[in-house]
Amino acid sequence: MTIVMNISIAAVAVVLLLGLYNMLKGGSPNRSQQLMRWRIILQFVAIIAIMTVLYFRQG
């Protein structure tokens with residue numbers, strides 16, 4: 001289960017870095033909005049994964 005947690009955290013980091021790269025090079029604002037939406041979705045998945053791992057480790 002920690003593999004899912006690590007993958008979800010890495011995915012958030014990758015999308016965040018892509019968004020920063022797009023912003024720094026002066027890329028499309030539409031692309032920035034799309035990356036922001038993906039980051040929010042992936043953060044939600046990462047939080048769910050972390051909470052699930054913590055829940056099952058307590059038992």
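Reader: How much space lies in the largest pocket?

Author: Rolling a probe the size of a water molecule over the atoms shows where empty space is left. In this predicted model, the largest pocket holds about 160 Å³ of space.

Reader: How do the lining residues divide into nonpolar, polar and charged?

Author: Sort them by residue type. The lining has 6 nonpolar residues, 2 polar ones and 1 charged one.

Reader: Now the outside. Which residues form a nonpolar patch on the surface?

Author: Leu16, Leu17, Leu20, Met23 and Leu24 form it. Together they have about 540 Å² of accessible area.

Reader: Take leucine 20. Is leucine 20 buried or partly exposed?

Author: Find leucine 20 in helix H1. Its relative accessibility is 38%, so leucine 20 counts as partly exposed. The partly exposed range runs between the buried cut-off, under 20%, and the exposed cut-off, over 50%.

Reader: Move to the other helix. Is valine 53 buried or exposed?

Author: Valine 53 lies in helix H2. Its relative accessible area is 5%, so valine 53 is buried.

Reader: How many Å apart in space are valine 53 and glycine 27?

Author: Compare two counts here, one along the sequence and one through space. Valine 53 and glycine 27 are 26 residues apart in sequence. From C-alpha to C-alpha, they are 37 Å apart in space.

Reader: Where is isoleucine 9 found, and is isoleucine 9 buried or partly exposed?

Author: Look in helix H1 for isoleucine 9. Isoleucine 9 has a relative accessible area of 42%, so this residue is partly exposed.

Terms used:
Residues numbered from 1 in each chain as written. Predicted model: local features only at pLDDT ≥ 70, side-chain atom pairs only at ≥ 80, totals over all residues. Heavy atoms only, no water. 1 Å grid on protein atoms, 1.4 Å probe; cavity = no way out; pocket = protein on both sides within 12 Å on 5 of 7 lines; lining within 4 Å. Points joined across faces, edges and corners; volume = space filled by probe spheres on them. Nonpolar A, V, L, I, M, F, W, Y, C, P; charged D, E, K, R; others polar. Patch = residues over 30% accessible without salt bridge, like charges linked within 9 Å, V, L, I, M, F, W, Y side chains within 5 Å. Areas by Shrake-Rupley, 256 points an atom, 1.4 Å probe, with all protein chains shown as cover. Salt bridge = Lys/Arg side-chain N within 4 Å of Asp/Glu carboxyl O. Helix = DSSP H or I, 4+ residues; strand = E, 2+ residues; numbered from the N terminus. Buried < 20%, exposed > 50% of the residue type's maximum accessible area, 1.4 Å probe, protein only.
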